[in-house]
Amino acid sequence: MDLFERSWTELLAAVAELPDDDFEQPSGCVGWLVRDLACHLVIDAQDVLITLVTPAGTEPTADAVTYWDVADEPPTGDDPLDALIPRLAAAYGEPRWLKFHLDDVGSAAGRAAALADRSARVSTQDKVLTVGDYLSAYVLEWTLHHLDLVAYLPAVGGPSPEALAAARTLLEGIAGAPFPASFSDTDALLVGTGRRAASGAEKDALGDLAAKVPLILG
């Protein structure tokens, strides 16, 4: 099992084990409840399935780092898809139906990834990547959203150390510089993506990198 599959499997398991009440708790995605985050993961899984069956016949134009676009401002919730997510999540009603759909589509995405040729080229968002780079980029997605899931649920296990380390390395590639060694992998990801404000000491440690963060990824 590679890191894509492992990080995704761990995230799916964490959602599947949540009691119903936890779906009404806030998540680390500002403005989204845990149920909204779980609904977003359904969309993510669909994107993975679609991309893996969208072959490209040209040379790659992006890799795991350049796959990510960095926005100037955080999302406001006005984007049509962002605004749809809470309504769609609420439409499931009972959390068991959302769990069922995420497990169904999410498991299919995991199987498709396991079967995919890592050297094949696929197209998504007007970019061409190898499957290996595409799946590596999604390790960052899964790890950040696993942190979002547990942000207000301290009893729920977080991402594995291997996923955190790989996600940090990728985020440092996007930033173009390493985060200070004094930052844990989790702190680098939370501060680096604006999920948590840097403390005064952290800003000092960031040095020139402080002008680049947070990185608003899209």
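**Ground rules.** I am working from a predicted model, where local features need pLDDT of at least 70, side-chain atom pairs count only at pLDDT 80 or more, and totals for chains, interfaces and linings use all residues. Residues are numbered from 1 along each chain as its sequence is written, and side-chain values use heavy atoms, with hydrogens and water left out.

**Overall fold.** I found eight helices and four strands in the protein, taking helices (H or I, at least four residues) and strands (E, at least two) as DSSP runs numbered from the N terminus. From the N terminus the order reads α-α-β-α-α-β-β-α-α-α-α-β. The radius of gyration is 17 Å, close to the 17 Å of the globule rule for 218 residues, so the protein is as compact as a globular protein of that length. That radius is taken over C-alpha atoms, and the rule is 2.2 Å times the number of residues to the power 0.38. I then checked burial: 45% of the 218 residues count as buried (under 20% relative accessible area, 1.4 Å probe, protein chains only). For contacts (heavy atoms within 4.5 Å) between residues at least 6 apart in sequence, 69% join residues at least 24 apart.

**α1 against α5.** How do the axes of α1 and α5 cross? Helix α1 (residues 3-16) and helix α5 (residues 131-150) have axes that come within 9 Å and cross at roughly 25°. The axes are lines fitted to C-alpha atoms over the stretch in contact, with angles from 0 to 180 degrees between N-to-C directions. The two helices are therefore roughly parallel to each other (angles under 35 degrees). On the α1 side I see Leu-3, Phe-4, Ser-7, Trp-8, Glu-10, Leu-11, Ala-14 and Val-15, and α5 brings Leu-135, Tyr-138, Val-139, Trp-142, His-145, His-146 and Leu-149.

**Pro-159.** I looked this one up in the loop between α5 and α6 (161-175). Is Pro-159 buried or exposed? Pro-159 counts as buried, at 14% relative accessibility. Beyond its neighbours within four places in sequence, Pro-159 is in contact with Thr-143, His-146, Leu-147 and Leu-164. I also checked Asp-187, 28 residues from Pro-159 along the chain: their C-alpha atoms are separated by 13 Å.

**α7.** In α7 (residues 185-192) I list Ala-188, Leu-189, Leu-190, Val-191 and Gly-192 as buried. What do the buried residues of α7 pack against? They pack against α5, α6 and α8 (200-206). After α7 comes Gly-194, with a positive phi near 80°.

Key
Angles under 35 degrees count as roughly parallel, over 145 as roughly antiparallel, 65 to 115 as roughly perpendicular and the rest as oblique. Buried means under 20% relative accessible area, exposed over 50%, partly exposed in between (1.4 Å probe, protein chains only).
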